[in-house]
Structure formats: structure tokens, C-alpha cells
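Please keep the sequence and the structure at hand while reading.

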Amino acid sequence: MYLRPTNLAAALDAVAQMSACVLAGGTDFYPSLGEKWPSAPVVDITAIRELKGIICGQDYFRIGGMTTWSELLETPLPPGFDALKAAAREIGGAQIQNRGTIGGNLCNASPAADSVPPLLALDAEVELISRAGTRRLPLADFIVGNRKTLRRADEILSCVIIPRTLENARSVFLKLGARRYLVISIAMVAVVVALDEHRLIRHARIAVGSCSARAQRVRELEAALVGVPADSRLQALVSPQHLHCLSPIDDVRATAAYRRDAVLVIVRRALDTCVGYS
Ligand SMILES: Cc1cc2nc3c(=O)[nH]c(=O)nc-3n(C[C@H](O)[C@H](O)[C@H](O)COP(=O)(O)OP(=O)(O)OC[C@H]3O[C@@H](n4cnc5c(N)ncnc54)[C@H](O)[C@@H]3O)c2cc1C
């Protein structure tokens, strides 16, 4: 059975009563089925207006779960979102960006999902809605492993909530793949840095993807950077020990050892780019 409701209440009824699976842009949904048919009814949420668009509130940005990467790229956003926009530009090609959504990327929870590091670096939360009510979770808690989230089957990810605290910070996203475009990442990093009037680092948030079962913040490095001058010596401050929390694996794209080496280079490069030294 295939349903395409135009309001959220009808979609929530379908997931609750029929255990329907959610279909957004379908760019992960269909490839994951392979040759198979869906094993449950499908509720297509692409016609639900409440789930689309970006709103700037007093304290938060609210990005609807059905917002596509192209829509995000077309929306004027402050520099703190530059890393998220850079990630959006790297998600497949134009056709994928026109269909693929932020909600789909997060619910699919691939370790290589490009939006996760920039959203972690922005302290994003997700809002999940069901007939039982609404709950909010930090993104860092929502994704619990490789393609595993805390979403219950009766919940729809309604929006991503981003505090405006670092909206004017500088931000950079770097992705390393086997080729430049249309590639799943070997390693990626998002950096958000706010400087004070003396060009000392006031806040640093750094998140790494594709180097553990889920992307994660590297908090020891973040702490080590606070108060440090944002100059050409920054690179040297980043050591392998700071990236100890990562647990890269060998897979078809790269070995764990290569990932460990590569991530150190891209973290240093992203920091330099972020503070304007490369
Ligand atoms: C050729 C190609 C290249 C790609 N390249 C990249 C890339 O470079 N980087 C990258 O990160 N990804 C890439 N992807 C993956 C994909 O495009 C993205 O993850 C996209 O954002 C998924 O969004 P979607 O709307 O298509 O999700 P869907 O495929 O519709 O859904 C994905 C999963 O999330 C669930 N879901 C979707 N929305 C919701 C919601 N609001 N609430 C609850 N559950 C929901 C679905 O049930 C499904 O399990 C690529 C895919 C293809 C086919």
C-alpha cells in the first residue's frame, strides 16, 4: 500500500496504525531495498508542507525534516552554516540534492552521512513527532550507531533545531573521497570557530565523520584550542592524541590506518581554512 497524505496528522496515523515506513526523497530508501518490494505500507511524506522549509526564530533556526539540500543551499543563512551548506553541495549531484532531505540523511544514519558533522558542530537537536507527542533530542544522542537511531517506528523527524549561539562564527567542511565529486567519504570534518577581538579562539567545535560508527565531536581538541591565537601555528597544535576517540575501520574505501593519517591532515587543514590561514 502507498499513501501520500498532505497533512502530518494523517502521516502519523499511518505510521502508528499500519506500521508504515516513511518515504521522503527516496534516495536512500530505494537503494536500500535493492530488488525487493517494501515489506510494509509506505507513507510518502513529500506533500506535507508543515515538514518543509527553514524558519529563523529568536533563539533557533528550524529546518523542516523534508527540506531538500537544494532548498537549504538556496536559503540565505549566516556564516556558521557555511559548513552545512558545503556538506549539502557534496551530497550526490544536483538530482540527489533536489530530492534528498535533511531528515532522510539523519534517519538513515550512515556513518558517512555528510550533514552529520556540520550539524553536530552546530549543537543541533532533532524534533520527533508521533501521535503520543513531541520530543527533542540532541543529534549526538539521536544517532547511536551505524544506521541506528533512537527514532521509534511511530515517529517522524519533523525538524532539526539549531541554536543561534554561533551563527556568526566561521565554519568549514572538508570531505576526503577517492575522487573529487559524487563520492562517499573516506573521512570528513566540520569545524566551527569563533574568535575574540584579539583573534584568540573563543569557541571551537570540531566533528569528524566516516571514522567511527557514528560521527562525533572531538572534545579534547576543542578544549585545547580555546584561548589559542588563530594564526599559522594552529596546525601544529593538533596531534594524533586529540583524535584518539575515533575508531576508524578497514572497508572498501580505505584502511583504518589510512583514515587515521588522513583525518589528522584534514582536521588541520579545515582549522587553517576556518581561521583564514590557507
Ligand atoms: C547517487 C547517490 C549519491 C549519494 N551521495 C551522498 C553523499 O555524497 N553524501 C550523503 O550523505 N548521502 C548521499 N546519498 C544518500 C542520500 O541522498 C542522502 O542521505 C539523503 O539526504 C537522503 O534523504 P531522502 O529524503 O532521500 O531519504 P529517504 O531515502 O526517503 O529516507 C531515508 C531513510 O530515512 C527515513 N526517513 C526519511 N525522512 C524521514 C523523516 N522525516 N522522519 C522519519 N524517517 C524518515 C526513511 O524511512 C528511510 O529509512 C546519496 C544517494 C545516492 C542515490
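A salt bridge is counted where a side-chain nitrogen of Lys or Arg lies within 4 Å of a carboxyl oxygen of Asp or Glu. The model examined here is predicted, and by this rule the count comes to 17 salt bridges.

One of these joins the side chains of Asp-114 and Lys-175, with an N to O distance of 2.6 Å. Asp-114 belongs to the loop between α6 (102-108) and α7 (116-121), while Lys-175 belongs to strand β11 (residues 170-176), so the pair ties together parts that are 61 residues apart in sequence. Both Asp-114 and Lys-175 are buried.

A salt bridge also forms between Asp-123 and Arg-205. Asp-123 is found in the loop between α7 and β6 (125-130) and Arg-205 in strand β13 (residues 201-209); the pair links distant parts of the chain, 82 residues apart. Asp-123 counts as partly exposed, with 33% relative accessibility, whereas Arg-205 is buried, with a relative accessible area of 13%.

Arg-259 and Asp-251 form a further salt bridge. Because buried means under 20% relative accessible area, Arg-259 counts as buried at 2%. Asp-251, at 29% relative accessibility, counts as partly exposed.

| Salt bridge | N to O distance |
|---|---|
| Asp-114 and Lys-175 | 2.6 Å |
| Asp-123 and Arg-205 | 3.3 Å |
| Arg-259 and Asp-251 | 3.2 Å |

Finally, salt bridges with shared partners join Asp-123, Arg-205, Arg-217 and Glu-222 into one network.

Definitions and conventions: Residues are numbered from 1 along each chain as its sequence is written. This is a predicted model: local features need pLDDT of at least 70, side-chain atom pairs count only at pLDDT 80 or more; totals for chains, interfaces and linings use all residues. Side-chain values use heavy atoms; hydrogens and water are left out. Helices (H or I, at least four residues) and strands (E, at least two) are DSSP runs, numbered from the N terminus. Buried means under 20% relative accessible area, exposed over 50%, partly exposed in between (1.4 Å probe, protein chains only).
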